[in-house]
Amino acid sequence: MIESRHADHVAWLTLVRPERGNALAEEMVEALIAAVDSALADTTVHTLVLDAQGAHFCTGFDLGELPAGDAVAQTSGGTAHQGSAATDGPLLWRFTRIEHLLALLWHAPLRTVVLARGRVWGAGADLFATCDLRLATPEAQWRFPGAGFGLVLGTRRLAALVGQPQALAWVAEGRRIDAGAALAAGLASEIVPELPADIEALPALAVDRATYARLKAATRPDLRDADLAALVRSAAMPGLATRVQRFRQAAAQARAAPR
């Protein structure tokens with residue numbers, strides 16, 4: 001699910017799940033965390049690049065791993081329950097692992113670069129927003145739909161890039177953001193006709209890794225605990241699995257509706 005290569009002080013991580021739009025399966029998130037940890041531990045690496053195979057960078061949290069239909073139900077008292085389906089606890093754990101991955105990248109003591117095309121949605125959009133240099137192709141589209149099932153994930157980092165009013169509108173409305181809007185707002189650093197295939201096409205760094213890390217720390221306050229707390233508070237109301245399932249069903253109905 002993840003391909004990794006190292007050359008010329010660059011760690012290049014590629015999402016390899018194109019048949020699922022590179023949606024973030026549980027094992028994929030863990031593989032990404034391990035790969036990022038490995039790059040951070042290698043002091044010879046000064047740049048970490050994320051890209052993806054296929055038509056889309058990442059379509060978000062893999063809702064396809066959740067049970068379909070009536071597997072998520074309500075008790076007569078209105079409390080969410082599950083049979084063999086995933087419970088709220090394991091779901092929350094998966095979201096906290098995604099938050100951990102996002103925080104690792106946001107505070108990484110080296111330059112992070114993301115290369116995106118197609119759909120950059122949900123947790124994929126959050127992943128894009130964590131990186132220092134954010135390149136995308138003209139047809140790329142972003143969307144932040146997590147608030148549709150009540151989660152606050154990555155919103156502060158998005159606001160740091162595009163401003164609080166813009167971030168709030170994008171997240172609360174779940175709107176699709178085209179390349180022009182992403183570039184104008186600062187979500188994308190640059191829109192390019194073709195994504196670079198190697199480090200030679202990226203801007204060269206004029207400082208070493210240690211200096212870059214200090215510059216980054218000076219411009220980026222460490223609010224990891226607050227970000228994690230915001231996520232957990234947003235998921236604290238019982239019925240997370242039910243809310244996610246309803247969101248999934250509504251999205252499926254919208255796709256099936258005649259246009």
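This is a predicted model: local features need pLDDT of at least 70, side-chain atom pairs count only at pLDDT 80 or more; totals for chains, interfaces and linings use all residues.

Q: How many helices and strands does the protein chain have?
A: There are nine helices and 10 strands.

Q: Why is the protein chain called as compact as a globular protein of its length?
A: Its radius of gyration is 18 Å. The globule rule gives 18 Å for 259 residues. The two values are close, so the chain is as compact as a globular protein of that length. Along its principal axes, the C-alpha trace spans about 65 × 40 × 35 Å.

Q: What percentage of the 259 residues is buried?
A: Buried residues make up 47% of the chain. To count as buried, a residue must have under 20% relative accessible area.

Q: What share of the contacts with a separation of 6 or more comes from residues 24 or more positions apart?
A: Such residues account for 74% of those contacts.

Q: How far apart are the mean positions of the positive and negative charges?
A: They are 6 Å apart. The chain has 25 positive and 27 negative charges.

Q: Why is the pair R220 and D132 called a salt bridge?
A: The closest N and O atoms of R220 and D132 are 3.3 Å apart. The cut-off is 4 Å, between a side-chain nitrogen of Lys or Arg and a carboxyl oxygen of Asp or Glu. The pair R220 and D132 is within 4 Å, so it is a salt bridge.

Q: What makes this pair a tie between parts of the chain?
A: R220 lies in the loop between α7 (209-219) and α8 (224-234). D132 lies in the loop between α3 (123-130) and β8 (133-136). The pair therefore ties together parts that are 88 residues apart in sequence.

Q: How do you know whether R220 and D132 are buried or exposed?
A: Look at their relative accessible areas. R220 has 17%, and D132 has 18%. Buried means under 20%, so R220 is buried and D132 is buried too.

Q: Which residues does R220 contact, leaving aside its neighbours within four places in sequence?
A: R220 is in contact with W106, H107, T130 and D132.

Q: How many salt bridges does the structure hold?
A: It holds 10. One of them joins E173 and R175, with N to O at 2.4 Å.

Q: What makes R224 and D222 a salt bridge?
A: Their side chains meet at 2.5 Å, N to O. That is within 4 Å, so the pair qualifies. R224 has 35% relative accessibility and counts as partly exposed. D222 has 49% and is partly exposed as well.

Q: Which residues do salt bridges that share partners join into one network?
A: The network joins E99, R156, R157 and D227.

Q: Where is R157, and why is it called buried?
A: R157 is in helix α4 (residues 155-162). Its relative accessible area is 2%. Buried means under 20%, so R157 is buried.

Q: Which residues does R157 touch, not counting those up to four places away in sequence?
A: R157 touches E99, L102, A103, W106, T130 and D227.

Q: How far apart are R157 and L223, in sequence and in space?
A: They are 66 residues apart in sequence. In space they are 9.7 Å apart, C-alpha to C-alpha.

Q: What is the phi of D8, and where does D8 lie?
A: Phi of D8 is near 50°, a positive value in a residue other than glycine. D8 lies in the loop between β1 (2-7) and β2 (10-15).

Conventions
Residues are numbered from 1 along each chain as its sequence is written. Side-chain values use heavy atoms; hydrogens and water are left out. Helices (H or I, at least four residues) and strands (E, at least two) are DSSP runs, numbered from the N terminus. Buried means under 20% relative accessible area, exposed over 50%, partly exposed in between (1.4 Å probe, protein chains only). The radius of gyration is taken over C-alpha atoms; the globule rule is 2.2 Å times the number of residues to the power 0.38. Contact means heavy atoms within 4.5 Å. Lys and Arg count as positive and Asp and Glu as negative; His and the chain ends are not counted. The place of a charge is taken as NZ of Lys, CZ of Arg, CG of Asp or CD of Glu.
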